[in-house]
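Dear colleague,

Please find below the structure that I am handing over to you. My notes on what was found in it follow directly after.

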Amino acid sequence: MSNISKNLEEIRSTLKDNVTLVAVSKTKSAEEIMEAYKEGIRDFGENKVQELEEKYELLPKDIRWHLIGGLQTNKVRKIVGKTYLIQSLDRESLALEINKRAENKGILVDTLIEVNIGEEPQKAGILTENLGEFITLLGELKHIRVKGLMAIIPQGSEEENRNYFRKMHELFEKLAEIKQERFSMEVLSMGMSMDYMTAMEEGSNMIRVGTGIFGARNYTV
Ligand SMILES: *Cc1c(COP(=O)(O)O)cnc(C)c1O
């Protein structure tokens with residue numbers, strides 16, 4: 001058995017029933033992705049538009065592509081219609097651009113709101129205090145559908161991680177009470193290779209695992 005198959009088997013044996021595993025394939029080849037695909041994985045995460053586009057053209061059409069990295073507004077046009085879920089909806093200008101391009105194509109784009117739960121200045125994501133206003137704006141954008149939340153938590157101890165995951169889960173539950181068109185809290189995307197067990201314990205239902213499946217990334221190629 002290849003390493004990828006072995007890693008997948010191991011991770012899957014620990015998954016809770018309601019949890020979707022997104023295999024984060026950034027920097028990884030089409031061959032490596034196909035190994036995971038043959039094991040039944042259909043959700044793949046990429047953080048760059050160009051890389052996602054190339055792989056989208058090359059690989060089977062039943063793959064569900066998740067965009068998990070920062071999205072520049074000038075690249076929205078290229079990606080709209082190719083994603084299953086844009087997980088990095090993190091600002092008003094991006095929402096307006098996605099909505100415009102989706103309207104041109106006559107489609108509805110599914111998204112997660114990225115929350116900067118650690119309030120880290122260098123990180124993307126909406127601050128908790130600004131969520132209300134952002135969600136109200138999204139109510140006006142008829143070609144965007146919000147399916148839940150995504151977070152990349154600060155690096156820290158297991159206990160610190162758990163606290164951030166818990167905060168996210170509380171936020172998720174609170175926002176679930178909002179009644180708005182094209183707005184629902186179904187997906188809580190949090191947890192990566194090093195901390196997904198903790199994330200699942202604290203209510204994550206979508207984990208994003210890269211190195212844990214494919215091994216270390218080589219950024220120099
Ligand atoms: C790269 C990446 C991951 C996966 O990280 P690993 O530590 O390799 O599991 C998850 N989420 C986002 C947003 C990423 O950019």
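In these notes, a residue counts as buried under 20% relative accessible area, as exposed over 50%, and as partly exposed in between, with a 1.4 Å probe and protein chains only. Please note that this is a predicted model, in which local features need pLDDT of at least 70 and side-chain atom pairs count only at pLDDT 80 or more, while totals for chains, interfaces and linings use all residues. Residues are numbered from 1 along each chain as its sequence is written, and side-chain values use heavy atoms, with hydrogens and water left out.

Leu52

Leu52 is buried because its relative accessible area is 0%. Its place is in helix 3; helices (H or I, at least four residues) and strands (E, at least two) are DSSP runs, numbered from the N terminus. Not counting residues up to four places away in sequence, Leu52 touches Glu46, Trp65, His66, Leu67, Ile79 and Thr83, where contact means heavy atoms within 4.5 Å. The C-alpha atoms of Leu52 and Lys82 are 8.6 Å apart in space, although 30 residues separate the two in sequence.

The UniProt record, an unreviewed entry, places the feature "modified residue: N6-(pyridoxal phosphate)lysine" at Lys26. UniProt positions are given in the numbering used here, feature names are shortened, and annotations may be inferred rather than shown by experiment. Lys26 lies in the loop between strand 1 (20–24) and helix 2 (30–38), and with 15% relative accessibility it counts as buried. Leaving aside neighbours within four places in sequence, Lys26 is in contact with Gly45, Glu46, Asn47, Glu51, Lys55, Arg217 and Tyr219.

Lys26 is also one of the residues around the ligand, and Ile68, Ile152, Met192 and Ser193 are among the others; a residue is listed there if one of its heavy atoms lies within 4 Å of the molecule.

- An N or O atom in the Lys26 side chain is 2.7 Å from an oxygen atom of the ligand.
- For Arg208, a side-chain N or O atom is 2.9 Å from a nitrogen atom of the ligand.
- Gly210 brings a backbone N or O atom to 2.8 Å from a ligand oxygen atom.

Of the 390 Å² of accessible area that the ligand has on its own, the protein covers 89%. Such areas come from the Shrake-Rupley method with a 1.4 Å probe; for residues, only the protein chains shown count as cover.

Salt bridges

The structure holds 16 salt bridges, each being a side-chain nitrogen of Lys or Arg within 4 Å of a carboxyl oxygen of Asp or Glu. In one of them, Asp62 pairs with Arg42, and the closest N and O atoms are 3.1 Å apart. Asp62 lies in the loop between helix 3 (49–58) and strand 3 (64–67) and Arg42 in the loop between helix 2 and strand 2 (43–46), so this pair ties together parts that are 20 residues apart in sequence. Asp62 is partly exposed at 40% relative accessibility, and Arg42 is partly exposed at 22%.

Arg162 forms a salt bridge with Glu158, again with 3.1 Å between the closest N and O atoms. Both residues lie in helix 7 (residues 158–175), four residues apart, about one turn of the helix. Arg162 is buried at 13%, whereas Glu158 is partly exposed at 49%.

Yours sincerely

Methods:
Polar contact = N/O pair within 3.5 Å; in protein donor to acceptor, adjacent residues only side chain to side chain.
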